[in-house]
Amino acid sequence: MSGGENGRAAASSGRTAGGGAAATRDVDLPFAFGGFTAGRTLALLGLFVLGAVVAVAGALVQGGWFPGGLLLALVGAAGLFHGGARVAGGRAGAVAPAAGWVLAVILLTASRPEGDFLFGAGAGSYLFLLGGMAVAVMCATFWLPGQPPVSGARLGK
């Protein structure tokens, strides 16, 4: 075995080539969190609140201007989810406003003791609820990060 292959075999087994002590390795995940710093956490919290605001605005608009209001509410939600993913640079940027949106919509669907509720029993309300959740899932799962930087070495040589 050459030195390079021995080093890879030792790294994959968790041992170093020289001493047998456990080596610390980075785990290569198919997704990246990007590290949760104070600024990133604050930005994700802001996206969460913005998702709740978009949900309330969408709930009011979709019932008031049907069918154009429904389309406007869903496009606004999709823009927030996709924009959050782009700004945050990962899936967490889409999940944070989606979580705020879902929480606000669930709270808005509950009836109050007085009998008031925001969503009527119609096709528009159900399309807003299910369509918004589908858009949130699409924006959170279809996030494709950019291509990794090209290294100077050629593969296969």
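A search of the whole structure, which is a predicted model, finds 2 aromatic pairs; rings of Phe, Tyr and Trp (its six-membered ring) pair if their centres lie within 6.5 Å. Phe81, Trp101 and Phe128 form one aromatic cluster.

Phe81 counts as buried because its relative accessibility is 0%. Trp101 is likewise buried, with a relative accessible area of 0%. Buried here means under 20% relative accessible area, exposed over 50%, and partly exposed in between (1.4 Å probe, protein chains only).

A word on conventions. Residues are numbered from 1 along each chain as its sequence is written. Local features need pLDDT of at least 70, side-chain atom pairs count only at pLDDT 80 or more, totals for chains, interfaces and linings use all residues, and side-chain values use heavy atoms, with hydrogens and water left out.

I turn to the helices that carry this pair. Helices are DSSP runs (H or I, at least four residues), numbered from the N terminus. The axes of H3 (residues 68-88) and H4 (residues 92-109) come within 6 Å and cross at roughly 145°. Axes are lines fitted to C-alpha atoms over the stretch in contact, and angles run from 0 to 180 degrees between N-to-C directions. In H3, Ala77, Leu80, Phe81, Gly84, Ala85 and Ala88 meet Gly93, Ala94, Pro97, Ala98 and Trp101 in H4; contact means heavy atoms within 4.5 Å. By class, this contact of H3 with H4 has 9 nonpolar, 2 polar and no charged residues.

Next, H2 and H5. The axes of H2 (residues 38-64) and H5 (residues 123-141) come within 10 Å and cross at roughly 155°. H2 and H5 are therefore roughly antiparallel to each other, a term for angles over 145 degrees. Ala55, Gly58, Ala59 and Gln62 in H2 meet Gly124, Ser125 and Phe128 in H5. The residues of that contact divide into 3 nonpolar, 4 polar and no charged.

Which residue of H2 deserves a separate mention? Gln62 is found in helix H2, and Gln62 is buried, with a relative accessible area of 3%. Leaving aside neighbours within four places in sequence, the contacts of Gln62 include Gly69, Leu70, Ala73 and Phe119.

Note on methods: Helix = DSSP H or I, 4+ residues; strand = E, 2+ residues; numbered from the N terminus. Parallel < 35°, antiparallel > 145°, perpendicular 65-115°, else oblique. Nonpolar A, V, L, I, M, F, W, Y, C, P; charged D, E, K, R; others polar. Phe/Tyr/Trp six-rings, centres within 6.5 Å; stacked < 30°, edge-to-face > 60°.
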